[in-house]
Amino acid sequence: MLTKEENEFLTHVGPGTPGGELLRRYWHPVAVSAELTDERPTMFVRILGEDLVLFKDKSGRVGLLADHCSHRGASLLYGRVEERGISCAYHGWLYDCDGNILETPPERNDAIMKSVKHTAYPVQRFIGLYWAYLGPSPAPVIPPYDIWVRKDGTRKITVRPVLDCNWFQPMENSADSPHLEILHQDGAGREAPPNTTRGFIDDVESYDYHVEEWGALIKTRVYKNGEVDAHPLIFPNILRVGDRTQIRVPIDDTHMWHVVVAFTPSEDGSIVEDPEDLPFSYDAPYKDPPDARHPVARHKMDMVPQQDYMVWETQGPIANRAAENLSYGDRGVSLLRTMLRENIERVQQGLDPIGIVRDPDLRMIDTNLDASIAMESRGRPVGSRASRANATGSS
Ligand code: FES
Ligand SMILES: [Fe+2]
């Protein structure tokens with residue numbers, strides 16, 4: 001249980017909030033790169049409570065600028081891209097990717113061009129996504145997790161629907177191992193559990209949680225048949241489960257963008273060159289009506305991800321942690337909260353939080369990917385079922 005103030009400390013993401021300042025120390029994906037085209041060179045992006053516009057100018061540079069023009073606030077989403085940047089549709093103020101104002105029609109106002117800098121953030125194209133960094137300089141590097149940089153396979157992207165909840169609810173869910181055997185006990189193709197209250201929990205001998213220095217909370221599940229599943233929650237907002245990373249990007253305090261990058265190793269271990277734009281697809285809505293919240297919306301429950309979406313959203317736009325009663329089974333959640341609090345405090349002290357990589361020559365971070373892929377290909381040993389259906393879950 002947390003006080004209202006502690007809850008806000010951990011969950012709020014806007015500029016100047018403690019949690020928002022922590023999240024601004026990491027790179028976040030903001031768009032699928034294949035979707036920013038010469039025909040559609042601007043995209044609206046909302047991240048960490050900030051309204052931004054991603055654009056590609058006619059020289060091929062990509063920028064991320066505050067949505068509202070520094071002149072009188074019209075949206076740059078409707079700007080015209082040119083060789084040197086993007087020109088506001090209203091009066092033509094021209095911005096480059098760094099937020100410099102290059103022209104101020106109808107007159108040339110040197111004082112404004114010298115003194116006003118439009119909010120701009122660095123952008124990188126990586127594994128078929130555009131990534132943004134909203135924190136102080138110098139920016140770190142995007143961590144080279146094995147699943148993102150290994151060359152012996154191919155990657156693909158799935159964009160999940162926007163979730164109407166705070167980003168930390170799915171992360172707590174990812175540090176909550178026992179829910180797999182209970183929440184996800186039923187679904188397509190699975191046998192019924194011994195009873196619905198305990199689901200398949202009695203197939204599990206033990207759960208363990210520990211933090212590793214490279215920036216992960218490792219969850220270990222030991223089954224009674226001897227199988228062991230250990231995979232990382234990569235702090236702060238990524239779950240690496242099976243062959244994929246689920247990246248939970250906070251849009252604002254009560255919404256989250258959810259993008260999945262999956263890796264398929266080549267069968268013979270040969271090197272495969274990923275195209276710059278990866279194949280991508282969008283998942284269907286997970287509730288009806290898709291834009292309503294609980295209890296107006298009715299959540300679908302027949303697939304593992306949808307079961308997770310139901311619990312994340314029905315906890316509330318921001319879960320009321322002042323009203324909860326944690327138990328021993330929630331110790332992974334408690335550990336994650338401690339990790340979040342401690343790393344927010346590190347940022348407040350001017351230190352890097354865990355998992356920040358500043359060495360551009362670091363080749364790869366081992367997330368124990370092969371063991372997870374092997375485990376998943378055998379099917380999780382829950383009951384007697386080969387529960388490949390869990391493969392897209394977040395457990
Ligand atoms: S509002 Fe953008 S140029 Fe005037
Ligand atoms: Fe789950």
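Trainee: What makes helix 7 (residues 304-314) mostly covered?

Mentor: Eight of its eleven residues are buried. Buried means under 20% relative accessible area, exposed over 50%, partly exposed in between (1.4 Å probe, protein chains only). Helices (H or I, at least four residues) and strands (E, at least two) are DSSP runs, numbered from the N terminus. The buried residues of helix 7 include Val-304, Tyr-309 and Trp-312. Just after helix 7, Gly-316 takes a positive phi of about 115°.

Trainee: What kind of model is this?

Mentor: This is a predicted model: local features need pLDDT of at least 70, side-chain atom pairs count only at pLDDT 80 or more, and totals for chains, interfaces and linings use all residues. Residues are numbered from 1 along each chain as its sequence is written, and side-chain values use heavy atoms, with hydrogens and water left out.

Trainee: Why is His-231 called buried?

Mentor: Its relative accessible area is 2%. The limit for buried is under 20%, so His-231 qualifies. His-231 lies in strand 15 (residues 228-234).

Trainee: How do you know that the side chains of His-231 and Lys-219 make a polar contact?

Mentor: They are 3.0 Å apart. A polar contact is a pair of N or O atoms within 3.5 Å; within protein, one must be able to donate a hydrogen and the other to accept it, and residues adjacent in sequence count only if both atoms are side-chain atoms. The side chains of His-231 and Asp-229 are also joined by a polar contact, at 3.3 Å.

Trainee: Which domains does the assignment give?

Mentor: Domain 1 (27-132) and domain 2 (146-392). Such bounds come from an automatic or database domain assignment. The C-alpha centres of the two domains lie 33 Å apart. Their contact (heavy atoms within 4.5 Å) takes 18 residues from domain 1 and 19 residues from domain 2.

Trainee: Which strand gives the most to the side of domain 1 that touches domain 2?

Mentor: Strand 1, with five residues.

Terms used. Chains are lettered from A and ligands numbered from 1 in the order in which they are written.
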